[in-house]
Amino acid sequence: MPTQERVIAAADILYLQGPKDEIERFASDACLIKQNANTIDFYDIGIAEIVVMPESRLVGQLLRQSRLREQYQINVLGVKRSHKYITENLPEVKLKAGDTLLIQGQWENISKIDSEEEDWLLIGQPKEMAERVTLTYKAPLAAIIMLAMIAVMVFDFIPVAPVTAVIAAGLLMVVSGCFRSVDAAYKTINWESIVLIAAMMPMATALEKTGVSAMVSHGLVASLGSIGPMAYRQPR
């Protein structure tokens with residue numbers, strides 16, 4: 001297969017992955033400047049598609065004139081036109097209505113490109129897609145927080161109430177980055193179970209106050225207590 005060649009221009013943004021010392025050595029040899037090295041994470045970068053609309057200002061323009069990288073800090077990886085995929089010499093591709101651009105960038109910038117202009121149609125929901133990306137590298141930290149919460153709730157010599165332990169564990173999950181945001185944490189809660197438990201608590205209190213619980217328990221003991229444990233043995 002022929003090797004695809006692409007010319008690197010000034011102000012281009014390169015996403016590099018590998019050992020940190022090797023990346024730093026490559027950046028030094030190539031006179032590259034690291035941008036936002038401490039704020040951009042691999043899990044924050046995504047891929048999406050945008051469709052050029054018929055009335056878009058991009059129709060008839062070269063891809064390098066679109067200023068997508070300058071305005072939104074995203075890269076165009078390829079162009080789909082009908083059944084043809086264009087991946088070579090992308091800066092000189094003249095855009096047409098109906099072209100689908102494969103873009104790469106931070107999820108935040110991909111969401112921005114959808115909300116600020118109407119020259120294109122973004123396929124998919126970047127916010128929901130970003131939340132589907134599992135933060136697997138945070139799994140050990142989440143496990144430690146959960147085990148610490150269970151230990152606090154089990155051992156009586158730790159002077160912390162169970163409710164306080166659960167709330168503290170939830171806050172630590174969000175603060176430590178195990179969830180992308182508070183909204184993501186809310187979406188992981190099974191609200192049906194919480195409503196069910198909340199409804200059972202007043203029902204149990206009402207049964208106890210009215211004496212129904214005592215009546216049922218005494219009735220079961222009176223009717224089944226004389227049978228003994230031998231009645232529950234399974235026949236061979």
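The paragraphs below walk you through this structure, from its confidence values to its sheet, its loops and its cores.

Keep in mind that this is a predicted model, where local features need pLDDT of at least 70, side-chain atom pairs count only at pLDDT 80 or more, and totals for chains, interfaces and linings use all residues. Residues are numbered from 1 along each chain as its sequence is written, and side-chain values use heavy atoms, with hydrogens and water left out.

Let's begin with confidence. The term pLDDT is the predictor's confidence in each residue, from 0 to 100. Its mean over the chain is 76, and 73% of the residues reach 70 or more. Over residues 1–5, pLDDT stays under 50, and there the model has 2 contacts (heavy atoms within 4.5 Å) beyond four places in sequence. Where pLDDT is low, the predicted coordinates should not be read in detail.

Now find the sheet. Helices (H or I, at least four residues) and strands (E, at least two) are DSSP runs, numbered from the N terminus. Two strands pair if DSSP finds at least two bridges between them. Here 5 strands make an open sheet in the order E3-E2-E4-E1-E5, with antiparallel pairing. Strand E3 (84–86) and strand E5 (120–123) are at the edges with a single partner strand each, so one side of each has no neighbour in the sheet.

Next, follow the pairings. Strand E1 (residues 45–52) runs antiparallel to strand E4 (residues 100–106), and 7 bridges join them; in this pairing, alanine 48 has isoleucine 103 of E4 as its bridge partner. E4 also pairs with strand E2 (residues 75–81), in the antiparallel sense over 5 bridges, and the partner of lysine 80 in E4 is threonine 100. E2 in turn pairs with E3 over 3 antiparallel bridges, where valine 79 has isoleucine 86 of E3 as its bridge partner.

Which residue takes a positive phi in the hairpin of E2 and E3? It is serine 82, with phi near 60°, in a hairpin that has 2 residues between the strands. Serine 82 is exposed, with a relative accessible area of 61%; on this scale, buried means under 20% relative accessible area, exposed over 50%, and partly exposed in between (1.4 Å probe, protein chains only). Arginine 67 also has a positive phi near 60° in a residue other than glycine. Arginine 67 sits in the loop between E1 and H2 and counts as partly exposed at 45% relative accessibility.

Finally, look inside. A nonpolar core is a set of buried Ala, Val, Leu, Ile, Met, Phe, Trp, Tyr and Cys residues joined through side-chain atoms within 4.5 Å. The largest one has 21 residues, and those with the most contacts inside it include Ile50, Leu68, Ile103 and Trp120. Two or more residues come from each of E1, H2, E2, E4, helix H3 (107–116) and E5. A second, separate core of 7 residues includes Ala142, Met149, Ala165 and Ala169.

Leaving aside neighbours within four places in sequence, tryptophan 120 is in contact with several residues, among them Ile50, Leu58, Leu68 and Tyr72. Both tyrosine 72 and tryptophan 120 are buried. They form an aromatic pair that is edge-to-face, 6.2 Å centre to centre with 85° between the planes. Rings of Phe, Tyr and Trp (its six-membered ring) pair if their centres lie within 6.5 Å; planes under 30 degrees apart count as stacked, over 60 as edge-to-face and the rest as tilted. Tyrosine 72 lies in helix H2 (residues 68–72) and tryptophan 120 in strand E5, so the pair ties together parts that are 48 residues apart in sequence.
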